[in-house]
Amino acid sequence: MFRVLCRRNFDLRQGDASVKPLSSLLDRELIQETLAEAISNGGEWAEVFVEDRQNASADFDEGRVEAMVSSRDLGAGIRVTVGEVTGFAHTSDLTRGGLSEAAQAAAAVAKGGGQVKPVALNGDGLAESNARILPETISKTRKVELLEQTNSAARAENPAITQVNVRYSEGRRRVLIANSEGLFNADDQTRTLLSVNCVATGDQGLQTGRETVGYTVGFELFEDHDIEAMARRAAGRAVTKLAARPAPSGQLPVVIERGGGGVLFHEACGHGLEADLVNKGASVFRDRLGELVAAPSVTLVDDGTMGVEWGTIAIDDEGCPTQRNVLIEDGVLTDYMWDHLRSRAAGRPASGNGRRQSYQHLPMVRMTNTFVTNGDAEPRDIIADTKNGVYVAQLGGGQVNTATGDFVFGMTEAYLIENGEITAPLREGNLIGNGPEVLQNIEVIGNDFAMGSPGTCGKDGQGVPVGDGQPTLRVGALTIGGTAS
Amino acid sequence: MSLAQRNEQVEVCLSRSRSTTVKAYSAQVESVRSGMSEGVGIRVIVNGQQGFATAGSLDYEVLAQVIEEARGNLQFAESDPDQGLAEPDGIKSPNLDLVDSAVLKMSDQEKSSIAIELEQRCLSADRRVSSVRSAAWSDGWGEFALASTNGISVYTEGGSCSVGVQPLAVEGNETQIGYAGDAARRPDLLDMDRVIAEAVEGATGMLGASKPVSERVTVVFEPGVTSAFLGTVAGALTGDRVVKGRSPFADRLGEQVGASKLTLFDDPTNIESLGADNHDGEGLAARKNMIIENGMLSQFLHNSYTARRLGASSTGSAVRGARSTPSVGLHALCLKPGTVDREALFQKVGNGIFVRGVNGLHSGVNPVSGDFSVGAYGHKIRDGVLAEPFREATIASTLQRMLLDIAVIGGDFEFLPNGSGMSSIAIDDIALSGM
C-alpha cells in the first residue's frame, strides 16, 4: 500500500535513463485484487489496463523555437463484461482506493452473486523498450539543433518559402494489461517523429508543402534518415504548387505513386473489414468472405509486426500479440480484423487489432499497418500506358462511410497525366470513390512497394497511430473533386 | 502562485472532469463507460521565453514537478518580446450559470433507458431501418481554474448532456446510414423526437441515391454544413494564422470579403449556445466579437500574444484545455440569420443541390491557400423543391470565392451541439463533380 502511494508521485524529470519497467508502477497483488473486485459482482470477465504515457514536443516557427512542451499521463481503465454488456471505468488514481472505486463502477453493469474467480496472473508483466536510444536521454539542445537544421534546409531550398514550421515529437507509452483469464502482458512503445510544413508565397497566393518522418523507434531515427532532404522535399512541394492549375472536375484514371496512397485502402476497405462494424451490418463487406471483392492482382494485409513502421505494436491494447493478417488474397476476401469482444462472440482467436487511444477509452477493432503487396508492373510503364489522367504523388487524409463504402481522400501533391507523361501540377482537392467498386477497378499494380507517411486514424473519437503503404498503381476511374471543366 | 520565483510570470491551470457514456444495442445496454480526469498545465515566462509542462494529476507533488519541467523547457525557447501572460483588462465576466443539477442527479438506469429508447424508436420508425449502429447517451461535468502572477484568478464549472444515434436503412442490396444528435445543459431540453426523425430520414432518404453528373451548381448547405464551412473560414481569421502568414485574409482587414448579407460573430456570452463561457483560456472575460459585418472583415480574433504582435487588444478568444497552451479560436460562432424558411430558400434557388453532409474536410480543405474540395451527399433541388438523393460526389471552390458567392441566408437559425449558431445558406457557382 505504501509503496504504491509513493510511486504515484511519479518523477517528471527527463533524462533519467534508469527507467523501471512498468510493472513496478502497479504491483501484481494489487492488480489481482482489483480484478477480483471487478468480477465479484457477477461479471464473467474482467481486465485492468494500466498506461503511463510520457510525451515531449518542440515547435519551431517563424525562425525560432516557439515552445517546448512535455506531458505525463498515468492511469488505469477497468473493464468488466457479462454477456454482451460491458462496464468500463477509468481513473488517474492508482492507489488501492482509486482502483477499488473504478472496479466497482465498472462492475455495476453486472447484477448479483459472483461465480467466476480470476485465474492467477501468468507472466512477468515486463517489457523491454523498442527504442535503441530512448529520446528522453537526449539533451533538449540536440533536439533544438535538429529543428534549426530542418528549418534552414527548407528555407534555403527556394526564396519563395515564406514560412516554415518544424515539429519534433517523442512519445513513450508503457502499458500493462491483466485479465481474469490470467493474461499479464506489457509493452514499452516509443515513437519519434519530425514533420515540416512550408508555406510558399507567389502571385496567386499561398501554397503549402508537408513532409513527415516518423517511426516506432527512439532517437536512432535521426541516424537513419536524412532530415535535410525531407525539408527540401516539403519546400519543393509548396513551390511547385505555386504554379498549380485547378484540378479537373469529373472521372479520370488515377495513378498513385508508391507509398503515397495507402490511405486509399485504409478507407476504401480497411475500415469495412473491422469486425465491430461488420457485425452491426455497417459494412459493405459483411457476408462476403470467400468472394472475389477486388481485382485478382490485389492482396491486402494488416500487419502489426512490421519492422519499425508507425502502426507497429508488439501487443495490442488487450494484451494480444500482433500478427500478419491477410485480409484479401488475390482479390478474395479471406478475413476480417478482430478484437477480444468480437472474436469471443464469434468463437475464434483475436487477431491483435484491439486498440484504444488511452486508458480512458474502451478498446475496439483498429488497423495497424495496412498495405497492398507488390504486383509485377514497371512503374514507368504504368504512367506511359495512361493516356490522360491524374498522377497523385502524395495523398492527405481520408474518410469513409462504411455503410455505403463511399470514401474521400485528399491529394496534397498531384499532376496531370497527358499522353502518358506527367505534366502540370494541380491544386489540392479531394478524390471520391466507392470502396468495392474501386477495388474491382484496380487495373495494374507496380513492383515498387513502399510504406507511406505516419498517420493517425480516428474512429468514434479515438485516434491511434497507423501506417499504410502500396506500390505504384492505377485505378481505372475516380472522381476528381476539382473546379476545372 | 507561491511556487513562482522572482522575475517569473507563472500561470497555473487546473481541470477536473467526469463523464458517462451509455450505449445501447439490441434493446439492452451494450456498454457503460465512466471516469474522472484531472489535469494541470503550467506556463512559466521569463524575459519573453516560455516553457510549458502538463500532467494528468492534481497531486501537489506533481504540480511542483510540472513547474520544474516548465522551467526546464523555457530555457530552450527563444526570447520573444511579445510573449507574456494576459493582463487583466477590466471587462466583466457575463457570470453565466453553466451547470444544471438535473443531469448530475440522473441514475445510470435513467441514462440506459434513454439510450435504449433511442435505438428502439429508430427501429420502429420505418420498416427499412434494419439495425442501429450506435445509440448513445453522454453527459459530462467539468471544472476549470486558472491563476496567474498577473493577478488573474478565475473558476468555471460547466455541464451538459447529449444523445446521438446512427440507424442503418436497408433496401435490396443497398445500405445507408444516418446520424443525428442533440446536446443541452438539461436533459429535458434534448429533442428526442427530432433526433429520431432526422436520423431515420437521414438513412432512408438516401436510399436509391446515385452519382450526379458534373456541373456548376448553386449549393444549399444545411446548418451543420454551414457550420463546418464558416468554422474553417473563421479559423483563418484568428490571430495566430494571421501573424504567421498562414491566412489568405491576412492583409484584408476592413475590406469586403463576403456578400453584403453576411454577418458573422463569436458570442460566448449567449447562454443558449453550448459554447457559452465566462472566461477565455487565459482568464479574460468572455465577450461578443464581430468578425465579418455586412461582408466587411471587421477584426481578427486574438489571444494576448497575437494581439501584442499586431498592436491590438486581446478579444478574449484564447481557447485551451488545462493540458495545452492557449491558442486562438472560436467559442460560439454565430451567423446572422436571414428571413426565408428552408422551403422558400429552395424556391429562391430553383435548381441546384441540397447538401446534408460533407466529408474529407481535413483532407480537401486547405485554410492557407483557401482551396475547398469535399465529398458531399444530399438531394437535388429541382424547380424549387427537393428531388432525388445523390451521393459519391464532391463540391469544390475556394473559401474566398464562396464567401462572395453567398446568395441566400436562411432564417432556419439553430444552435448546434458544437456551440455554433447557424442557418442554411445558398452559395452560387460551385463545381459539383460526379460522373
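Modeller: One term is needed at the outset: two strands pair if DSSP finds at least two bridges between them. Please also keep in mind that the model is predicted.

Biologist: In the hairpin of E1(B) and E2(B), which residue takes a positive phi?

Modeller: E1(B) and E2(B) pair in the antiparallel sense, over 17 bridges. Among these pairs, B:Tyr25 has B:Gln28 in E2(B) as its bridge partner. The hairpin has two residues between the strands, and the one with a positive phi, near 55°, is B:Ser26.

Biologist: In E4(B), which residue is the bridge partner of B:Leu14?

Modeller: E1(B) also pairs with E4(B), in the antiparallel sense and over 14 bridges. Within E4(B), the residue bridged to B:Leu14 is B:Ala145.

Biologist: Which strand of chain A gives the largest share of the side that touches chain B?

Modeller: The contact between the chains takes 68 residues from chain A and 67 residues from chain B. On the side of chain A, the largest share is twelve residues, and they come from the strand at residues 64-82 of chain A, namely E2.

Biologist: Turning to the domains, how far apart are the C-alpha centres of the two domains of chain B?

Modeller: Chain B is divided into domain 1, residues 9-204, and domain 2, residues 209-435. The distance between their C-alpha centres is 22 Å.

Biologist: How many nonpolar, polar and charged residues has the side of domain 1 of chain B that touches domain 2 of chain B?

Modeller: The contact brings together 35 residues of domain 1 of chain B and 26 residues of domain 2 of chain B. Several strands each supply at least two residues of this side of domain 1, including E1 (9-25), E2 (28-46) and E4 (129-148) of chain B. By class, the side has 15 nonpolar, 14 polar and six charged residues.

Biologist: Which strand of chain A gives the most to the side of domain 1 that touches domain 2 of chain A?

Modeller: Chain A is divided into domain 1 (2-242) and domain 2 (249-481), and their C-alpha centres are 25 Å apart. The contact takes 28 residues from domain 1 and 21 residues from domain 2. Among the elements that each supply at least two residues of this side of domain 1 are strand E4 (161-179), strand E5 (184-202) and helix H6 (227-242) of chain A. The greatest contribution is five residues, and it comes from E5(A).

Biologist: Are H2(A) and H3(A) roughly parallel or oblique to each other?

Modeller: The axes of H2(A), residues 28-39, and H3(A), residues 96-107, come within 8 Å and cross at roughly 30°. Angles under 35 degrees fall in the first of your two classes. H2(A) and H3(A) are therefore roughly parallel.

Biologist: Is the crossing of H4(A) and H6(A) left-handed or right-handed?

Modeller: The axes of H4(A), residues 140-157, and H6(A) come within 8 Å and cross at roughly 40°. The two helices are therefore oblique to each other. As for the hand, the crossing of H4(A) and H6(A) is right-handed.

Biologist: How many nonpolar, polar and charged residues has the contact of H3(B) with H4(B)?

Modeller: The axes of H3(B), residues 108-125, and H4(B), residues 192-204, come within 10 Å and cross at roughly 50°, which means that H3(B) is oblique to H4(B). In the contact, B:Leu118, B:Arg121, B:Cys122 and B:Ala125 of H3(B) meet B:Ile196, B:Ala199 and B:Val200 of H4(B). By class, this contact has six nonpolar, no polar and one charged residues.

Methods. Residues are numbered from 1 along each chain as its sequence is written. Chains are lettered from A and ligands numbered from 1 in the order in which they are written. This is a predicted model: local features need pLDDT of at least 70, side-chain atom pairs count only at pLDDT 80 or more; totals for chains, interfaces and linings use all residues. Domain bounds come from an automatic or database domain assignment. Two residues are in contact if their C-beta atoms, placed from the backbone, lie within 7 Å. Helices (H or I, at least four residues) and strands (E, at least two) are DSSP runs, numbered from the N terminus. Ala, Val, Leu, Ile, Met, Phe, Trp, Tyr, Cys and Pro count as nonpolar, Asp, Glu, Lys and Arg as charged, and the others, Gly among them, as polar. Axes are lines fitted to C-alpha atoms, for helices over the stretch in contact, and angles run from 0 to 180 degrees between N-to-C directions. Angles under 35 degrees count as roughly parallel, over 145 as roughly antiparallel, 65 to 115 as roughly perpendicular and the rest as oblique. A crossing is left-handed if the near helix is turned anticlockwise from the far one by less than a right angle, and right-handed if clockwise.
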